[in-house]
Every structure is written in structure tokens, then in C-alpha cells.
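Please open the model in your viewer and keep the sequence panel beside it.

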Amino acid sequence: MSAISLAARQDQDRVYARLAAIAARTRQLAIAGIYRAGSGHPGGALSAADLLAVLYGAELNIPGGTADDPARDRFVLSKGHAAPALYAVWAAMGYVADAVPLALRRIGTASQGHPHVLDLPLSETSTGSLGQGFSVAIGMALGLRHQYVAARVYAMLGDGECQEGEVWEGAMCAAHHGLSNLCAIIDYNKLQSDDRNANIMGLEPFAAKWRAFGWHAIEIDGHDRAAILAALAEAAATHDRPTIVIAHTIKGKGVSYMEDRPLWHGSVKMKPDETRQALAELGATETDIATWMA
Amino acid sequence: MSAPSLIAASGDSLREAFGKALATLAETRERLVALDADIAGGTGLHHFRKAHPSRFFQFGIAEQNMMAVAGGMAATGLIPVVTTFAVFCLRAVEQARLSIAYAKRNVKIVASHPGLDVGPDGGSAQALEDLAAFRAIPGMTVLSPADPHEMALATQAAVDFDGPVYMRTGRSPACSVYANGHVFRIGKGHILRDGHDVTLIACGVEVARALEAAKLLAAENISARVVNMATIKPIDADLVARCAEETGAIVTAEDHNTIGGLGGAVAEALVRARPCPVEFVGLEDVFGESGEPDELAEKYRLTAPHIAAAAKRALKRKRHG
């Protein structure tokens, strides 16, 4: 191995170590917030954490970590019930204080149960009713292109969310308008509120549907941070159509008793012993666990 | 005020007046863009498409996506004007709620083909619930101008207003109520004809009919005030209370269900300030059907004689306290 490639490898290792740290912190703060709130959706927050960590940690250009720059990239969490992870990744990035994810769902705070742009401008829009954030992201992509702003727009959708008709209206629309500045990411954890997607309303052949609608579709392991980075780079290099990244994920990823179990999709009240175990498995320090659970 | 006159040419419908006004306004408002769902020819937006093709965006027959897209375009600093038929705005109420009103986006929703004025397309196409639905959304301003002249003024007021607006236009040839010189202000009703026995408060196509009703009543020595309440929300509560104080009886008239629209807004304002007898002219919680607009207006009791009859009922209640 040459010296140059060794240096490059070391740089790459540092990048991945940083992204791993952001992802871990995101998961920890999301779970802590849900525990303190006494409600919230842990499964879909944990499945999305690696995607969020790579997006915010390596892809999105958000000068100053605020929503002030008109030329910033936009990220819309269309699956708004993963708000605990969104607030947590912002805290992990240092964009907001830890108090934001930790105040989740509390009255009088900005940390609404689903992202609200008037309370937390980095939300970019208000979401929670499935399908809408995707359309809003399409509108942002159209609006930015119309004004010759080179920023990119990203939207994260849930898999169950793609049962909404509005998603397919939007899929047709973004392809028709050739919105190559738009990248949608599906957190494909295979579970929704009541059961597996396949038992509620099957989505497969999923990638084929998006391709038939005129999108560039990429399928990846949504916990493989190198694969996520590569997919986002491929999306940015696609100049004639929007890109969909279908990220295969595991619901509840990182907490042994939650992984791939539908009951952790919904809004749950986490017990102290469950929370302690979850935070420990996610690598939280004893100090953090004690502070957050106090 | 001269008697309302029916403008014969279909080119003088409220939708056409809106479309022409918007195209003109866009000449000096760079941020204005317009969104269509395959009915620009019907909404008046074809004028804008012709004048400003690069600012005209097509979404196909997919109103839910279009409505939320408008929220996203507004988030980038544009002023989107979303147009479709009123009944299809109902299809996208929730998108208007979350992605426009809750996010406080500067989007104008302009709905053509409201109420029985739609005519032969029938009950499925006649939106009689839109004022109620959009009025119930926090922060949503709701307008229903009376004639082409006012429509042009209201279009400018809506576009220059900072916040979400829902505005009804109309399909049929419109009656002319205003001469040049009318001043339109969001949130302000306008007394078109003064009177002291009863007040007729109307919006949209019913304003011209209310003026006719006032003439019918005058022939029976009943002095009816006529108010054009082109802003349904925020309702001009001060004017409503003043009319109750000064005339003691009120009739509301709208091409809409009597539940939740103009009648509801006026009644709510009255019970808060100064209750008085109120009669409601509108659809009595039923759907419409196919027919010409004038035939439907007669069958569903929206015409001047029915407004006059309602005024007499209100007067009778006033006198019997």
C-alpha cells in the first residue's frame, strides 16, 4: 500500500468513525427523549439513525447549522414520526442543544411530537401526515431550480408511507419535471404500525415501481454508512431524473429487544429498565444515562 | 348604486376576471408562480400560462400533491397561486392544513366552480362545503368576491397579503355590482345599499341577488341594507354587530351549505357581540344536482324572492321579540 493511499484510508477511517459516533449519539438521544416523553416511536427512529447521520454528517450543506442560508441543502423528514431521531441528529451535530431531543413532546417546548417548522426551522416544513413532506420537498426542488439555486433537496420517507396515494402523485410529478436536484430516501424497515408491510399492503416490487415512475433507483443496506455515502454521491451525479435510495434497514436497529419487532413501531411508554438496557446497548455512558433518566 | 346587470359574455365570469388580473399582477411581481392541475382553461389560469409560461407549473390531475408542492415552493420564497375547482380543493384540505397553513406558507388557493353556480356538471362537482372547511383552518383567510371588478381587486389584495388565502371565483357569467372606484380590503365588509329594517349579508354570486331582493322589499316598504361580505374570514365582526344594532334583523345569503360558511361566520360574530334574529339563505344541508345555474338557484331557494322571503321571516321574529 502506497503512502498516499494509506493517508486516504486514514482520512476515510476518520470520516466513518465520526459518522458512527453521530449515529450512536443520535440513537441514544432519541431513546432518551422517548423515555422522558413517555411516548414516541422508537422503532422507526432507530432504523433511520444511520441514514440521518450520513446525511447530516457528510452530505448536507447547511452553513452554520441553521435554516438561514437560502442556498442551503434541504432535508425533509416526511416520516415525521421519526422526529426523536431528527432532533437527536441535530443535537449530535451541535446544531441544537441536547435539551431539544430531551424535551420531546413536552408542552410549551419547540420539540413537538412531529417536526414543526415554526418551532424548529431546520425541520424545513411541518410533517406528520404521511406523503406530504415528500410533496413539499418536490416543491422546494422545483422552487430552487426555478430560482437557479443549486442546492439539493432530500426527503426521507417511511415504507408504509408509500401506501399513501400522494406519494405516487409526487413520484410522477418529480420525474415529469426532471427534478435531479431531489433525492428521496426510503427507510425500508419492512414494518409498519400494525404488522409487516407485506401483510398490510405489500410494496414489492418496490424499486421496480420507482423505476417505472421514472426515477433512478438505488438499493442499499441502510446501516452500511459507506453504501449510504456512495448512494448519495450517485444521486448527486444523476442529472436527468430524481433518485430514490431504497435503504433496507432494521426497525429498532441497535436495541436487541426491539429489532424487527412491530410492537416497537408505535408510540410507546418505555420502562426504566428497558430504557437503561437500550441506552447501554447503544453505547451511552453511565453519566449520560443517569442524567437523561433523572 | 345602480341595479346589478348580467354581463352576457362568458368572458366576464369571476374565473376569467381572476385569470386576467393574475396575469397582469405577475408582470410586476417576479415571485408569483401559478400551479395547475389540468384545468387552466377552466380556472382562468390560461391567461397566466400564455403571459408567463416559465412561471406556470403543471401537476396533472393530482391535487393533493399540487397543494403540498405549493407549500414547498413558498418555502423557497416564491408566491405560489394554486388553482383548481373548489370541489378538488376539498380533496386537498389536509394538505392545505398541514403543508400550507400549519407551516404558515404564503400560498394562495384559488377555487373556481364553487356551489350550484357550477350548473350541469351536477352534485358531484358542486362544492357546497369549501368555505366551511377552509374557514376552520387556523390562519387561513377566506374570500368570496362578488363581481369581476371586485375579483380583480381581491386577487391583488390576496397576492400582496402575507399569509395563506383561500379564494372562491365562479364559473358562470357574472353580474356586475361595482363600478370602477371600489376599494377592496381583506376583512372589511362593504355596505352596497343602506336600509334600516333588516340587513342582507351576502357573498359571491348572492350579492347581486341580495341587491335585487332589497328592491323587491322596497316595493313592500321594507328598507333593507345590503352588505357584500367578500371576506368570510376574518369576518368583519364590527360591521356585523353594527348592522344588528342598526337594523335588528339579518339574513345571510351564500351559494354554499348554510352550515359553516358565511351564515355560520355571521352567526358566530353576532352571538359574541349582539344577538338578533338571523335567517340563512343557502343549501339546507343537501347536495345539488344537474341543471342550469339559474334553474338550480331557483329550485334551491337562492334567488332574490327567496332572500326577500327570508328577510320577512327575520323581520317578523324581530317584531315579535
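**Where the chains meet**

Select both chains together: 24 residues of chain B are in contact with 24 residues of chain A, contact being counted when the C-beta atoms of two residues, placed from the backbone, lie within 7 Å. On the side of chain B that touches chain A, colour helix 4 (63–75) and helix 6 (93–102) of chain B, each of which supplies at least two residues; helix 4 of chain B gives the most, with nine residues. By class, this side of chain B has 13 nonpolar, nine polar and two charged residues, where Ala, Val, Leu, Ile, Met, Phe, Trp, Tyr, Cys and Pro count as nonpolar, Asp, Glu, Lys and Arg as charged, and the others, Gly among them, as polar.

This is a predicted model, in which local features need pLDDT of at least 70 and side-chain atom pairs count only at pLDDT 80 or more, whereas totals for chains, interfaces and linings use all residues. Residues are numbered from 1 along each chain as its sequence is written, with chains lettered from A and ligands numbered from 1 in the order in which they are written.

**The sheet of chain A**

Next, show chain A as a cartoon and find the open sheet of five strands, ordered 1-2-3-5-4 with parallel pairing; helices (H or I, at least four residues) and strands (E, at least two) are DSSP runs numbered from the N terminus, and two strands pair if DSSP finds at least two bridges between them. Its edge strands are strand 1 (74–77) and strand 4 (216–221) of chain A, each pairing on one side only.

Zoom in on strand 4 of chain A, which six bridges join to the parallel strand 5 (residues 243–248) of chain A; here Ala217(A) stands opposite Ile244(A).
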